[in-house]
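Let's walk through this model together, one site at a time.

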Amino acid sequence: MATTASVPMARIAGGPTENDAGCSPDKPCRLTVLGATGSIGTSTLDLVGRNPELFEIVALTAQTQVEQLAALAIRHRAKVAVIGDETQLAALRELLAGAGIAAMGGEAAVVEAATMPADCVMAAIVGAAGLKPTYAAALQGRRVALANKECLVSAGDVFTKAIAQSGAELLPVDSEHSAVFQALAGSDAAAIEKIVLTASGGPFRTWTREQLAAATPDQALKHPNWSMGAKVTIDSATLMNKGLELIEAFHLFPVGVDALDCVVHPQSVVHCLVSYKDGSVMAQMAPPDMRTPIAVALAWPRRMAAPTEKLDLARLGTLSFEAPDEARFPALAIAKAALRRGGAAPAILNAANEIAVAAFLERRLKFCDIASLVDDALEKAEKRGLAGDAGCLDDVLAIDAAARRLAVELMSRY
Ligand code: NAD
Ligand code: MG
């Protein structure tokens, strides 16, 4: 893997762009939301509902939550509603009867929704399932508001190449990356010394190894600061999330792997620290509510109102920072090693982690075995010659599928 990423800084940072898709009452933003029923999807639609003059909803997609999808499509007067699980298409049609909203179903229909004429696509599907539709949106050359970090982790080079070639605009929604994007303020990559992402430390920040060994899904799902979908919440508890985010940052900000780091900040108020060569450090602050970074991505280069709690530093009193403990949370070091290894290692890491997290949630795998399984899968994949470069999305999807099979195979040892 090259030491710098391939998206030019100008593509993701700076002032008004050629596309200038940011919503305004004169020119409502035609918006598609992939993963509309999830945590990011519903937060996005919450903002849309509060600012109806700024948006026109093109398509909404979901995998299985057919009733919620139909209700959201009716409420936001979407043109199209798409259910990924095709067996629920008949139910969707029935729920939308007479509403003037087209119903579609199946994986290909989700991809089709991503390519319908729109100004902005919110990519908020969870996991590698988001790869194909998000990639299809990127190829259309429009604004992609990217929550689906797995896209950049698994297919970073392929995805950023598609963005650069199509002239699409990539705006990060992940809070730390949105923070960096804002703190960069159009600066030249050469002026940056370091980009540090903050991590809350998750619900187990102060737990001993013995306690971690017995951690249950219910305990891991109780994030102290953020309300998120189950997968990213578990990733936050293992610190794999920060590892995935370092890989995501590598592809978004062309500063090279040595200039990327993370620090634990339990209050989740400061989301990044960007250090410049002149000694200046730009931090971005906001209360932990995803509606802020979502609003930044939707409205950029403008700003829109978000109904979030206002930051009151005097009431907070203290902001604290500490180094992450990679001995208790080995997933972080495993992800960093995959980033340095490059090639398909991050795709294998992501696929194995998705399998491991799903197994933990179903109580088939212990908390500490999530990182061990991912590590084993990476080692075995390397031996089997799976970790080479992926030249196109089909290569990435094939590697993802092989790594999933490998992780399932290895699971029997746990
Ligand atoms: P979620 O589980 O709450 O929602 C996922 C959405 O994706 C749902 O609408 C679901 O129907 C859809 N989906 C699931 N499987 C699918 C499939 N196979 N095909 C098509 N659609 C499918 O997830 P979330 O927490 O909203 O996270 C979405 C993405 O945003 C993830 O990549 C996550 O890492 C990232 N992210 C989330 C947060 C957060 O606060 N929730 C913060 C930062 C980044
Ligand atoms: Mg994040």
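**A guided tour**

Arg 363 sits in the loop that runs between helix 16 (345-361) and helix 17 (367-383); helices (H or I, at least four residues) and strands (E, at least two) are DSSP runs, numbered from the N terminus. Although Arg 363 is not a glycine, its phi is positive, at about 60°. With 55% relative accessibility, Arg 363 counts as exposed, where exposed means over 50% relative accessible area, buried under 20% and partly exposed in between (1.4 Å probe, protein chains only).

Before going on, a word on conventions. This is a predicted model, in which local features need pLDDT of at least 70 and side-chain atom pairs count only at pLDDT 80 or more, while totals for chains, interfaces and linings use all residues. Residues are numbered from 1 along each chain as its sequence is written, chains are lettered from A and ligands numbered from 1 in the order in which they are written, and side-chain values use heavy atoms, with hydrogens and water left out.

Now turn to ligand 1. It is surrounded by 22 residues, and the closest are Thr 37, Ser 39, Ile 40, Glu 150 and Gly 229; a residue belongs here if one of its heavy atoms lies within 4 Å of the ligand. The shell consists of eleven nonpolar, eight polar and three charged residues (Ala, Val, Leu, Ile, Met, Phe, Trp, Tyr, Cys and Pro count as nonpolar, Asp, Glu, Lys and Arg as charged, and the others, Gly among them, as polar). Domain 1 (10-174) and domain 2 (178-287 + 309-316) each supply at least three residues of this shell, with bounds that come from an automatic or database domain assignment.

Which side chain has an N or O atom 2.6 Å from an oxygen atom of ligand 1? That is Glu 150. The backbone takes part too: an N or O atom of Ser 39 lies 2.8 Å from a ligand oxygen, and one of Gly 35 lies 3.3 Å from a ligand oxygen. Taken alone, ligand 1 exposes 830 Å², of which the protein buries 87%; these areas come from the Shrake-Rupley method with a 1.4 Å probe, and for residues only the protein chains shown count as cover. Helix 2 (39-50) and helix 7 (149-166) are the elements that give two or more residues to the shell.

Glu 150 lies in helix 7 and is buried, with a relative accessible area of 5%. Its side chain also joins that of Lys 231 through a polar contact of 3.1 Å, that is, a pair of N or O atoms within 3.5 Å; within protein, one must be able to donate a hydrogen and the other to accept it, and residues adjacent in sequence count only if both atoms are side-chain atoms.

Next comes the magnesium ion (ligand 2). Its protein donors are Asp 174 (OD), Glu 176 (OE) and Glu 245 (OE), lying 2.1 to 2.2 Å from the ion; donors are N, O and S atoms within 2.8 Å of the metal (3.2 Å for Na, K and Ca), and sites may look incomplete, as water is not among the atoms. Asp 174 and Glu 245 are both buried.

Glu 176 is one of the buried residues of helix 8. Ten of the ten residues of helix 8 are buried, so this helix is largely enclosed by the rest of the structure. Ala 185 follows helix 8 and has a positive phi, near 45°.
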